[in-house]
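Welcome! Here is a short tour for anyone meeting this structure for the first time. Please have a look at the sequence and the model before reading on.

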Amino acid sequence: MPKIFSALVVILLTVTLQACGPYSFTGADINYSTTKTVQVNYFQNNAPIVEPGIARDFTQKLQDLLLNQTSLDLVNSNGDLVYEGEITQFYIAPITATSTSTAAQNRLTIAVNVRFYNTKEPLKDFEQPFSFYYDYDGQTQLTGSKLDAAVDIIFERLTQDIFNKSLANW
């Protein structure tokens, strides 16, 4: 009887462990046996309104996210995964009005166009625009640290959306 019980436990554990494939806590679907490096090219700011420094900040934010959520090495050329693109929109527009025809609320919108190349699995390549926004009170001037905080919130969402599209297959 103990031999049957032991054999049953071994079989049950084997079946259970085989059902549990590799799991990533970040949701990344990367074959690390073939994919070792990531390259993030500088994202030029081609928006009609140019806010100084956001191209550098966005590129850095995307690099940081990829380094923090994957085990890939960042390289300057010949990456297994390559991200490139440009910032295409940076604008502020009123979204609600008061009875006196002034803006009650404004929206800062930033859009980027991303080209992703997976040299190991070319079927996963894509080119796609991503955009996100930040709403704020119409009486507030979005400058200095307030602008930095708004851009940071937008970049956090944009980079996560890009990560999800390229590596999490969402």
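## Leu 142 and its surroundings

Setting aside residues up to four places away in sequence, Leu 142 touches Ile 92, Leu 108, Tyr 134, Tyr 136, Leu 147 and Ala 150. Keep in mind that this is a predicted model. You will find Leu 142 in the loop between S6 and H3. Is Leu 142 buried or exposed? Leu 142 counts as buried because its relative accessibility is 10%, and the cut-off for buried is under 20%. The C-alpha atom of Leu 142 is separated by 9.6 Å from that of Asn 106, a residue 36 residues apart from Leu 142 along the chain.

Now to the core. The largest nonpolar core has 36 residues, and Phe 58, Tyr 83 and Leu 108 have the most contacts inside it.

| Element | Residues |
|---|---|
| Strand S1 | 37-40 |
| Helix H2 | 54-69 |
| Strand S4 | 81-97 |
| Strand S5 | 103-118 |
| Strand S6 | 126-137 |
| Helix H3 | 144-168 |

H3 gives the most to this core, with 9 residues.

Next, helix H2. It has 16 residues and reaches 22 Å from its first C-alpha to its last, close to the 22 Å expected at 1.5 Å a residue. Among its buried residues are Ile 54, Phe 58, Leu 62 and Gln 63. The buried residues of H2 pack against S1, S2, S3, S4, S5 and H3. Phe 58 itself touches Phe 43, Ile 87, Val 112, Phe 155, Leu 158, Thr 159 and Ile 162, again leaving out residues up to four places away in sequence.

Terms used. Residues numbered from 1 in each chain as written. Predicted model: local features only at pLDDT ≥ 70, side-chain atom pairs only at ≥ 80, totals over all residues. Heavy atoms only, no water. Core = buried A, V, L, I, M, F, W, Y, C linked by side-chain atoms within 4.5 Å. Buried < 20%, exposed > 50% of the residue type's maximum accessible area, 1.4 Å probe, protein only. Helix = DSSP H or I, 4+ residues; strand = E, 2+ residues; numbered from the N terminus. Contact = heavy atoms within 4.5 Å. Expected span 1.5 Å × (residues − 1).
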